[in-house]
Amino acid sequence: MTEITKKDVLDNLGLIKKILENIESYIKEKVHEHGEVIEKGINGVIDYIYIILKEIINAQVISYGTILEDAKKKGLEKEFRVAYKILKSTKFIDYDTENKFIVMGEKTKYLIKLYNNYESEQKKKMFKAIIKKKI
């Protein structure tokens, strides 16, 4: 069994970041900030996964009732519920039963921590490179 090094982890984080950027780029062509254009079926599920994750990262919490009502108005309740179940079962989100909010799950917190550590490491490397050039 090969040992996983810090470089392996950082390389994988860079790859994950690139994949997420590609997914975001694809979804941005389908979803608009105001007056979303959301497709039915699997693309609708992907769109709602994007919307939920984006809101949870930006605002830390989302009102389950508000987003469900919005989905119902658009005839996309099924797509929302499937996206919610996928994210909840994979621990990207959790549900605060007391306040009825969707909150950040373990996996999202972990990925944000890994990404922040990766960013910090990249800044340190850049700083060291700048210092070496000046010396």
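The following legends describe several close-up views of this structure.

**Conventions.** This is a predicted model, in which local features need pLDDT of at least 70 and side-chain atom pairs count only at pLDDT 80 or more, while totals for chains, interfaces and linings use all residues. Residues are numbered from 1 along each chain as its sequence is written, and side-chain values use heavy atoms, with hydrogens and water left out.

**View 1. Overview of the secondary structure.** The protein has five helices and three strands, where helices (H or I, at least four residues) and strands (E, at least two) are DSSP runs numbered from the N terminus. Along the sequence these elements follow the pattern α-α-β-α-α-β-β-α. The protein has 135 residues, of which 24% count as buried; buried means under 20% relative accessible area, exposed over 50%, and partly exposed in between, with a 1.4 Å probe and protein chains only. Among the contacts (heavy atoms within 4.5 Å) with a separation of 6 or more, 48% join residues 24 or more positions apart.

**View 2. Packing of helix H2 against helix H3.** Two packed helices are described by the angle between their axes and the distance between the axes. Here axes are lines fitted to C-alpha atoms, for helices over the stretch in contact, and angles run from 0 to 180 degrees between N-to-C directions. Helix H2 (residues 42–59) and helix H3 (residues 64–73) pack at about 155°, and their axes are 13 Å apart. H2 and H3 are therefore roughly antiparallel to each other; angles under 35 degrees count as roughly parallel, over 145 as roughly antiparallel, 65 to 115 as roughly perpendicular and the rest as oblique. Their crossing is right-handed, a term used if the near helix is turned clockwise from the far one by less than a right angle, whereas anticlockwise is left-handed. H2 contributes Tyr 48, Ile 51 and Ile 52 to the contact, and H3 contributes Ile 67, Asp 70 and Ala 71. These residues divide into five nonpolar, no polar and one charged. In this classification Ala, Val, Leu, Ile, Met, Phe, Trp, Tyr, Cys and Pro count as nonpolar, Asp, Glu, Lys and Arg as charged, and the others, Gly among them, as polar.

**View 3. Packing of helix H3 against helix H4.** H3 and helix H4 (residues 77–89) pack at an angle of about 140°, with 7 Å between their axes. The two helices are therefore oblique to each other. On the H3 side the contact involves Tyr 64, Ile 67, Leu 68, Ala 71 and Lys 72, which meet Glu 77, Phe 80, Arg 81 and Tyr 84 of H4. By class, this contact has six nonpolar, no polar and three charged residues. Arg 81 of H4 is partly exposed, at 31% relative accessibility. Not counting residues up to four places away in sequence, Arg 81 touches Tyr 64 and Leu 68. Leu 68 is 13 residues from Arg 81 along the chain, and their C-alpha atoms are separated by 8.1 Å.

**View 4. Packing of helix H2 against helix H4.** The axes of H2 and H4 come within 8 Å and cross at roughly 60°. That angle makes H2 oblique to H4. The crossing of H2 and H4 is right-handed. Gly 44, Val 45, Tyr 48, Ile 49, Ile 52 and Leu 53 of H2 meet residues of H4 including Phe 80, Ala 83 and Leu 87. The contact comprises eleven nonpolar, one polar and one charged residues.

**View 5. The largest nonpolar core.** A nonpolar core is a set of buried Ala, Val, Leu, Ile, Met, Phe, Trp, Tyr and Cys residues joined through side-chain atoms within 4.5 Å. The largest one has 19 residues, of which Tyr 48, Ile 52, Ile 67, Phe 80 and Ile 102 touch the most other members. H2, H3, H4 and strand S3 (101–104) each give two or more residues to this core, and H2 gives the most, with six. Not counting residues up to four places away in sequence, Phe 80 touches Tyr 48, Ile 52, Tyr 64, Ile 67, Leu 68, Ala 71 and Ile 102.

**View 6. Lysines in the loops.** Lys 40, in the loop between helix H1 (6–30) and H2, is exposed, with a relative accessible area of 56%. Lys 40 and Leu 76 are 36 residues apart in sequence, and 6.7 Å separates their C-alpha atoms. Lys 91, in the loop between H4 and strand S2 (93–96), has a positive phi near 65°. Lys 100, in the loop between S2 and S3, has a positive phi of about 60°.
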